[in-house]
Amino acid sequence: MAGNSEIDEGFYSRQLYVLGHEAMRRMGAANVLIAGLKGLGVEIAKNVILSGVKAVTVQDEGSAVWSDLSSQFYLGECHLGQNRASCSLQQLSSLNPHVEVSAHTGPLDEELLLRFQIVVLTDSSLDDQKRFGQLCHSHGIKLIVADTKGLCGQLFCDFGEKFEVLERDGEMPASLMIERITKENPGRVIWTDDQKHGLSDGSKVVFSDVQGMTELNSIGPVEIKVCDEYSFSICDTSSFSEYERGGVVTEVKQPFQLDFKPLSEALHDRELLILNDYGKISRHNTLHLAFQALHDFVKNKQRLPYSWCQTDADSLLEMVRELNTVAEVEQLDEAAVRLLSCTARGDLAPINAFFGGLAAQEVIKACSRKFTPLKQWMYFDALECLPEDKDRLAECSVTSTDTRYDGQTAVFGASFQKRLGNQKYFLVGAGAIGCELLKNFALIGLGAGEEGHITVTDMDYIERSNLNRQFLFRSPDIGKAKSEVAAKAVCQMNPQMKITSHQNRVDAASEALYDYSFFKGLDGVAAALDNVEARVYLDSRCVLHQKPMLEGGTLGSKGHTLVVVPHLTEPYGPAKSSSSNAIPLCTLKNFPHRIEHTLQWARDQFEGLFKQTPENVNCFLRDPGFVERTLSHGDVEATETLEAVWRGLQDMEAGGQRPKSWEDCVSWARCKWETLYNNDIRQLLHCFPPDEVTSNGLPFWSGSKRCPHPLTFDPKNSTHVGYVMAAANLYGQTYGIKGTRDNGSIEQILEKVQTPPFNPKSSVKIHLTDQEMEEERKKESGDAEKAQLEELKGKLSSLKNSAQMHPIDFEKDDDTNFHMDFIVAASNLRAENYDIPAADRHQSKRIAGRIIPAIATTTAAVAGLMCLELFKLVQGHKKIESYRTSYLNLAVQYFVLSQPSRPPDFQVAGKKYTLWDDFLVEGRCHNQQEITLEDMLQNIKEKSGLTVSALYYGPAVLYMGQEERLKKSVSDVVKMVTKADIPPHQKVLELIPSFEEDEDCETVPPIRLSWSDWNQTAVQTLEAGVIWRLFVCPQMTLVRRSSTQQQSHSTLTSTC
């Protein structure tokens, strides 16, 4: 931000939801020095610059060498022999126009360091770390030391004494609706809410809107002690007034201070080691000594240990043992020390990406004082990436020279590099994680060999809000296809890359393109997706085609990675039900008690008024069957829909709501305001007065039911007028009527608007539960309702020649289109009705727009971990203990790396299987004739001892004892039963058998039926050797079917 107080919300949109405006402003005053611009240094610099500090200076005296190209993505062969910092400056400067970036090619000295608030040292000697560490500590400069060697790395932080953390974790403060407060010592607060509180002993809260025990509203933050998930105790309330009802309790985040030791002292304090892989506790302690010994080794021999040199490994181990005579680590991991020595010359992009994300996050903490910093050491290794067997391990010693992969072959050897280059991978998603993965793919050379290839697909186009974390994109790329721009960018990083870019969504509609033949040619799949449904679908395709999948995701500072290995690990699996998080309709309609409820209500209003009704009007005008189709949905829904269509078509003079002028739009908006915020509330209170009691004698308006109050329109109230302005403009847009932002002209029109008086209706029924609402919808309509429907049909028949409307698709990121203006005003007015604290535009945009908070640091770290698992897949690791599933939260330095879960097994007739298992049947006899259904069933019987008693294809029964079908081919049976040809692209069929030996079994292995040139009469274009996969699950009623629909998205292919 270069020190400016104004934050570019369009550019920093998603990051602002992680850090907030105040933290971003503090960052905008920070000057950062990043020393060392090899692979790790450039990763840190990239992430820090994207985050939006004031200025970044990159320092490096060294010149680019071949080994740098394996992880320094802004250096190419043309830069060899030139200064690393100078060569990278232009690319780094283009990342963020709000950050001043400069290069320093001289040595580090005290005068230079004293110009900065934060100093990051990479690739530095231990002597420099101690010397500059003492300088920084004594002058209040925050110091971060990061270093990677091969498959190992370390991170250290010293933020000085009494460093104040303003916010511990970035989580939203808990806010809870009070049901009851006891009058005792200590008082106990109980609530009825749809969320657990998440509070802990010592948390502090404040009270508001409490009726009766009003003393709580005026006291400061109160410390709590948790009793259970739905209650906690507070101070002595025995002398307070009796609690009546209502009230909100809100968590108050408390700042705290941390004291850091300078590096020279912290070096000898193993209590400051933060663990991240609990299976490697002894290894972390060992690496703390091994890195010190490595510095001594370099100091003595002026070089790093030679790759896979056992003599050097012995020397380093002896030095670690010497250090341990003082440190007294109980159990040294000597094997890890040897492997560190053998791989220390390596410079690996995934390790640098991981540590680059972590170190940059610590820079953000240092200058923003948001989130809990690392205190103070962290070590990480991925030595399990090395070959599992000794023969393969010996290959690692055969390295390469003078190639762009020298930093990688120093660890894995030239043979592994060739295997990497010949991989064929499918990357789904070219957003934030997708960009980071593509960068890593280019650096490690995935798919860059003669037989290798990368296919990347993403249907989205670049927006300005992407630039803050999708670092392959720049401002001139806005509006272009993400996959195409990303592919070209990484081809510039590594000209050897072979990439094809698509703009397709990967779902059932694209199975004709991403079919069996496509997946058969792949070595693996990487998922860089932003929603669960897409992940589940892609995972199902990988399971179907027996392909490994790398999966990762982020949510602000949190991230996770998962590796799916056929026959070894559990897949991603089906989507978990999210119904428990859905807001009940009755809550939205009548009983909101959280700002999320009013925002969802406002979003529903937008969709109903400006999108659904115009779409229904247009359908009615062009589709003769619209009315009859609507009537089939039930009388209640049909009446609502058809009445909205009639009002949208009928002029206002005739009782409808079709405007002819801008004045009509303002009048409509003002009347809508009166209906929603006054009349509807008065009707609700008419049905349930404030003093209403339940059948049990308890207050009706208590707990999560907040008693509302009607609003009175005030032309001087900016929110009131803001609603009218936004609603009138949007309503006008649906009819092609131009509006205005001129408050004066709107106020003049409002003076003439007459709102109808409110008349309470005793016939209105307010539903208290969704079940009541659903039962009401299902009730048979009476004569009056049926007559109303007939009348509507008659009135609509005379409006067929009306002009079409213009539906509006909600777009949250355009501040000039009135969409968020409407949402914010509509939500906050309803919140005022129910005494719910209002939300500002920023918060409203996140909730209503369903924005996923994102920051470049987490993305880089997650992509790095995914690519470490990629190394293992390419190595062909067979042991599940070699793989890692990870969960991390960079806000609080929380890391959990654990072994993936094994696939759950199940039994069929007493024998164990997993979902990776299947039965293979050759689909053709020796005479090339397709086998019959009887042949297939007999084959299954001979191989597995199981007798198929029934066979289903979706809802269709293919076989249930019908002998006449046994002599037919499987494809003929499918066509006969479904009365349809098998689609040309559908080379995988899923059929569901039931076995006579275990008919109650819910899951069974699939039958795989393969043959060549099948179904010649129906399908002439299919290649030989297709495979049908027959999934077996007697309880299933739905099967995946490939769509016959061709891709609606254009496929743009570019090979770089």
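Reader: Where does Gln376 lie?

Author: Gln376 lies in the loop between α12 (349-368) and β17 (377-381). Helices (H or I, at least four residues) and strands (E, at least two) are DSSP runs, numbered from the N terminus. Residues are numbered from 1 along each chain as its sequence is written. This is a predicted model, in which local features need pLDDT of at least 70 and side-chain atom pairs count only at pLDDT 80 or more, while totals for chains, interfaces and linings use all residues; side-chain values use heavy atoms, with hydrogens and water left out.

Reader: What is the peptide bond from Lys375 to Gln376?

Author: The peptide bond from Lys375 to Gln376 is cis, with omega near 0°. A cis peptide bond also joins Asn185 and Pro186, where omega is about -5°. Pro186 has its place in the loop between β8 (175-181) and β9 (188-191).

Reader: Why are such features worth noting?

Author: Most peptide bonds are trans, and most residues other than glycine have a negative phi. Lys162 is not a glycine, yet its phi is positive, about 55°. Lys162 is found in the loop between β6 (152-158) and β7 (163-165).

Reader: Why are α9 and α10 called oblique to each other?

Author: The axes of α9 (residues 281-301) and α10 (residues 310-327) cross at roughly 125° and come within 9 Å. Axes are lines fitted to C-alpha atoms, for helices over the stretch in contact, and angles run from 0 to 180 degrees between N-to-C directions. Angles under 35 degrees count as roughly parallel, over 145 as roughly antiparallel, 65 to 115 as roughly perpendicular and the rest as oblique. The two helices, α9 and α10, are therefore oblique.

Reader: What makes α15 roughly perpendicular to α31?

Author: Helix α15 (residues 414-421) and helix α31 (residues 856-875) pack at an angle of about 100°, with their axes 10 Å apart. That angle makes α15 roughly perpendicular to α31. Phe416, Arg419 and Leu420 of α15 make the contact (heavy atoms within 4.5 Å) with Phe871, Val874 and Gln875 of α31.

Reader: How do the residues of the contact of α15 with α31 divide?

Author: They divide into 4 nonpolar, 1 polar and 1 charged. Ala, Val, Leu, Ile, Met, Phe, Trp, Tyr, Cys and Pro count as nonpolar, Asp, Glu, Lys and Arg as charged, and the others, Gly among them, as polar.

Reader: What is the mean pLDDT of the protein?

Author: The mean pLDDT (the predictor's confidence in each residue, from 0 to 100) is 88, and 92% of the residues reach 70 or more. Over residues 1012-1056, pLDDT stays under 50.
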